[in-house]
Amino acid sequence: MEGFGFGLEAGVEARKYFLDYRSKLFFGGYGGYGFLWQEGQDELRALSLGVKLGWREDLHRYELPLDLEPYLCLGFMVDSRNPLTTIPLRPVIYLGMKAGIF
């Protein structure tokens, strides 16, 4: 992908904290399906699968109702520009930040 875009994704994740739930470091697997809209380009649909390594920082101690999770994902993607029938799964790397509000 090149340039700025707006996206929407739904996914599932299974994770394991290294010590217990209060541990900050986690590892897991994920799968997601999403849409990306970039200026001057057609809508892109993509399915991605991979593994995720992240850090969960609970901000409730500062009286904020959220967790922040920076993460790194290594996985594979199939998208509507390069369907599985023409190109095998493409390797991808995601660097992200998730905010859990509760």
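In which strand is R90 found? R90 is found in strand β6.

## Basis of the model

This is a predicted model, in which local features need pLDDT of at least 70 and side-chain atom pairs count only at pLDDT 80 or more, while totals for chains, interfaces and linings use all residues. Residues are numbered from 1 along each chain as its sequence is written, and side-chain values use heavy atoms, with hydrogens and water left out.

Strands are DSSP runs of E with at least two residues, numbered from the N terminus.

R90 has a relative accessibility of 26% and counts as partly exposed.

A salt bridge here is a side-chain nitrogen of Lys or Arg within 4 Å of a carboxyl oxygen of Asp or Glu. Because R90 lies in strand β6 and D79 in strand β5, the pair ties together parts that are 11 residues apart in sequence. D79 counts as buried, at 4% relative accessibility.

## Other salt bridges

The count of salt bridges comes to 9. One of them joins the side chains of R15 and E69, at 2.8 Å from N to O. R15 belongs to strand β1 (residues 5-17) and E69 to strand β5, so this bridge ties together parts that are 54 residues apart in sequence. R15 is partly exposed at 26% relative accessibility, whereas E69 is buried at 5%. The two side chains are also listed as a polar contact at 2.8 Å; a polar contact is a pair of N or O atoms within 3.5 Å, where within protein one must be able to donate a hydrogen and the other to accept it, and residues adjacent in sequence count only if both atoms are side-chain atoms.

D67 and R56 form a further salt bridge, with their closest N and O atoms 2.8 Å apart. D67 lies in strand β5 and R56 in the loop between β3 and β4 (57-58), so parts 11 residues apart in sequence are tied together. D67 is buried, with a relative accessible area of 4%, and R56 is buried as well, with 8%. Salt bridges that share partners join E13, R15, K52, E69 and K98 into one network.

## Aromatic pairs and charges over rings

A pair of aromatic rings is described by the distance of the centres and the angle of the planes. Rings of Phe, Tyr and Trp (its six-membered ring) pair if their centres lie within 6.5 Å; planes under 30 degrees apart count as stacked, over 60 as edge-to-face and the rest as tilted. The whole structure holds 5 aromatic pairs. Among them, Y30 and Y94 are edge-to-face, with 6.2 Å centre to centre and 80° between the planes. This pair links distant parts of the chain, Y30 being in strand β2 and Y94 in strand β6, 64 residues apart. Y30 is buried at 13% relative accessibility, while Y94 is partly exposed at 29%.

F35 and W37 are stacked, because their ring centres are 6.0 Å apart and their planes are at 15°. F35 is partly exposed at 29% relative accessibility, and W37 is partly exposed at 36%. Ring pairs link F6, Y33, F35 and W37 into a cluster.

A charge sits over a ring if NZ of Lys or CZ of Arg is within 6 Å of the ring centre and within 35 degrees of the ring normal. The charged end of R15 sits over the ring of F26, 3.7 Å from its centre, and that of K52 sits over the ring of Y71, 4.2 Å from its centre.

## Nonpolar surface patch

F18, L19, L25, F27, V51, L53, W55, L72, L74, I93 and L95 make a nonpolar surface patch of about 1,100 Å². Patches consist of residues with over 30% relative accessible area and no salt bridge, nonpolar side chains (Val, Leu, Ile, Met, Phe, Trp, Tyr) being joined within 5 Å and like charges within 9 Å. Accessible areas come from the Shrake-Rupley method with a 1.4 Å probe, and for residues only the protein chains shown count as cover.

At least two residues of the patch come from each of β2 (25-38), β3 (44-55), β5 (66-79) and β6 (90-101). β3 gives the most, with 3 residues. F27 is placed in strand β2 and counts as partly exposed, at 41% relative accessibility.

Notes
Helix = DSSP H or I, 4+ residues; strand = E, 2+ residues; numbered from the N terminus. Buried < 20%, exposed > 50% of the residue type's maximum accessible area, 1.4 Å probe, protein only.
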